Amino acid sequence: MNDNQIKIQFLGGAGTVTGSKTLLTTDQHSLMVDCGLFQGLKNLRLKNWSELPIEESSVNDVILTHAHLDHSGYLPLLVRNGFSGKIHCTQATKKLAELILFDSAHIQEEDAEKANRLHYTAHKPAKPLYTTNDVEACLGLFEVHNYGEWIILNKDFKFVLHNAGHIAGSAWTEIRSYGRKIVFSGDLGRSKPQLLLPAHRCEEADYLVIESTYGRREHEKEDPKAELEKIINTTFQNGGNVLIPAFAVERTQEILHYLGELLVEGKIPKKKIYIDSPMAISATEIFMDFDFRRPIEKEILEILSKLVHGIRDGGASKRNVESDEQKIVIAGSGMLSGGRILNYLERHVGDSSCSIVLTGFQAEGTRGRQLLNGMPELKFFGKYHRVFANIHLLKNMSAHADQKELLLWIKRMSKKPKRIFINHGEPVSADSLRVKIQDELGIICEIAEENKDYIC
Ligand SMILES: [Zn+2]
Ligand SMILES: [Zn+2]
């Protein structure tokens, strides 16, 4: 590296949504922004097992924009492979990352154990990608900061975090190096998030790295709350239960808030609501402690505190599945790939009076997607189950800015970046956003490519 040059390398999240890891290097220091896991289809997941093309021990610091696994999930491996610097993030991100990373390690340990027990592994013995011990070690390196607080890392890098309005604790970051302003959007929230405060405005940037999850399209206009009201009333009139598979972080809190509003407005009956997920209960507590959200009305909090019951204990969960009480259940996992929701499905998926309400994007290959596709049978617990329950999808529940909202965030800058890199999106989404930015803003814009060196 020459003096005053900064090299940007995308080690993940390029040409795909997951695995975000970007390295900034000067002649003396290096800084990683996000350190996520590849998720989804098998060829992507296999990438988590390949070595990074860098020396982990040479990375001085990591900035973690938010807790989602596609941004945080590789951290335990980075640490195991030699990284010993600090991982910088907000307080809420640290707390949520702790939940998410332990959950991830548990799932991997269980999967490896199951593969060994049932002998369906080509690798003998099957090993988890990382363990709870690795997570423990990585959490020891976290250092938390407030939004708006400048942190000097070394002579080459300083940075600040600002609210991104995506999930609790989420941030976009501005990095200063050799007088240049490099902004990473992280994952950007909607212009008007349901519960969080909207993303802080970015004043200016020389270089911008922006996500493109929804770079190709605009969100639907449907009102999820009205849809939920209809589903709940019809289901209760038919004598059924409402089962809501939901992600623990953010989506569960959003659903709870809709339910609270509907209850206060007298639009749905006052039946009990169960959050059958230790992770969702903890995530809700973290959310309530987070300052950068809209205030929740007293009436909503009161009615929810009467009707919502959290279930942590496994035995209590089993009893709740068996009880005949008419109820609303929120449980993980959000795409039905595992978790306690499957116990409820085992009892109710064949019941035509019940409703299953999917609450977000359902990836290819998941049971959630199979239900949406109208599959007559669903396989879980080693058996096929006939599907007679009513399947619904709440539209317009995304935590990501859509194309218009991403553009708006850039348009509102008083000084536009001279170069933009697009990451965190499928190729078609990234390219649509690229064309749009070039057409509407006239800024040089390129789609981030993995392991290519970009010099700034
Ligand atoms: Zn995210
Ligand atoms: Zn993401």
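Visitor: Are aspartate 70 and histidine 424 buried or exposed?

Guide: Both aspartate 70 and histidine 424 are buried. Keep in mind that this is a predicted model.

Visitor: Why is histidine 424 called buried?

Guide: A residue is called buried when its relative accessible area is under 20%. Histidine 424 has a relative accessible area of 1%, so the label applies.

Visitor: Where is histidine 424, and which residues does histidine 424 touch?

Guide: Histidine 424 sits in the loop between E20 and H14. Leaving aside residues up to four places away in sequence, its contacts include Gly13, Thr16, Val17, Ser20, Glu211 and His400. Asp70, His71 and Asp187 are also among the residues that histidine 424 touches.

Visitor: What makes the approach of histidine 424 to aspartate 187 a polar contact?

Guide: The two side chains make this contact at 3.1 Å. The limit for a pair of N or O atoms is 3.5 Å, so 3.1 Å qualifies.

Visitor: Which protein residues are donors of the zinc ion (ligand 2)?

Guide: The donors are Asp70 (OD), His71 (NE2), Asp187 (OD) and His424 (NE2). They lie 2.1 to 2.2 Å from the zinc ion (ligand 2), and the cut-off for a donor is within 2.8 Å, so they count.

Visitor: Why is the site of the zinc ion (ligand 2) called irregular?

Guide: The angles among its 4 donor atoms run from 88 to 164 degrees. A tetrahedral site needs all angles between 85 and 135 degrees, so the value of 164 degrees rules that label out. The site is classed as irregular.

Visitor: How are the donors of the zinc ion (ligand 2) spaced along the chain?

Guide: Their spacing is D-H-x115-D-x236-H. Distant parts of the chain are linked by one pair: aspartate 70 is in helix H2 (residues 69-72), and histidine 424 is in the loop between strand E20 (419-423) and helix H14 (427-441), 354 residues apart.

Visitor: Which residues coordinate the zinc ion (ligand 1)?

Guide: The zinc ion (ligand 1) is coordinated by His66 (NE2), His68 (ND1), His166 (NE2) and Asp187 (OD), at 2.1 to 2.4 Å. Its site is also irregular, with angles of 90 to 162 degrees among the 4 donor atoms. Along the chain the donors follow the spacing H-x1-H-x97-H-x20-D.

Visitor: What makes histidine 66 and histidine 166 a pair that ties parts of the chain together?

Guide: Histidine 66 lies in the loop between strand E4 (61-63) and H2, and histidine 166 in the loop between strand E8 (158-163) and strand E9 (171-177), so the pair ties together parts that are 100 residues apart in sequence. Histidine 66 has a relative accessible area of 0% and histidine 166 one of 2%. Both values are under 20%, so both residues count as buried.

Visitor: What makes aspartate 187 a bridge?

Guide: Aspartate 187 coordinates both the zinc ion (ligand 2) and the zinc ion (ligand 1). The two ions lie 3.4 Å apart.

Visitor: Why is glutamate 405 called buried?

Guide: Glutamate 405 has 15% relative accessibility, and the limit is under 20%, so it counts as buried. Glutamate 405 is in helix H13 (residues 403-411). Its contacts, not counting residues up to four places away in sequence, are Arg190, Ser191, His219 and His400.

How values were computed:
Residues are numbered from 1 along each chain as its sequence is written. Chains are lettered from A and ligands numbered from 1 in the order in which they are written. This is a predicted model: local features need pLDDT of at least 70, side-chain atom pairs count only at pLDDT 80 or more; totals for chains, interfaces and linings use all residues. Side-chain values use heavy atoms; hydrogens and water are left out. Donors are N, O and S atoms within 2.8 Å of the metal (3.2 Å for Na, K and Ca); water is not among the atoms, so sites may look incomplete. Four donors count as tetrahedral if all angles lie between 85 and 135 degrees; four count as square planar and six as octahedral if opposite donors are over 155 degrees apart and all others between 65 and 115; anything else is irregular. Helices (H or I, at least four residues) and strands (E, at least two) are DSSP runs, numbered from the N terminus. Buried means under 20% relative accessible area, exposed over 50%, partly exposed in between (1.4 Å probe, protein chains only). A polar contact is a pair of N or O atoms within 3.5 Å; within protein, one must be able to donate a hydrogen and the other to accept it, and residues adjacent in sequence count only if both atoms are side-chain atoms. Contact means heavy atoms within 4.5 Å.
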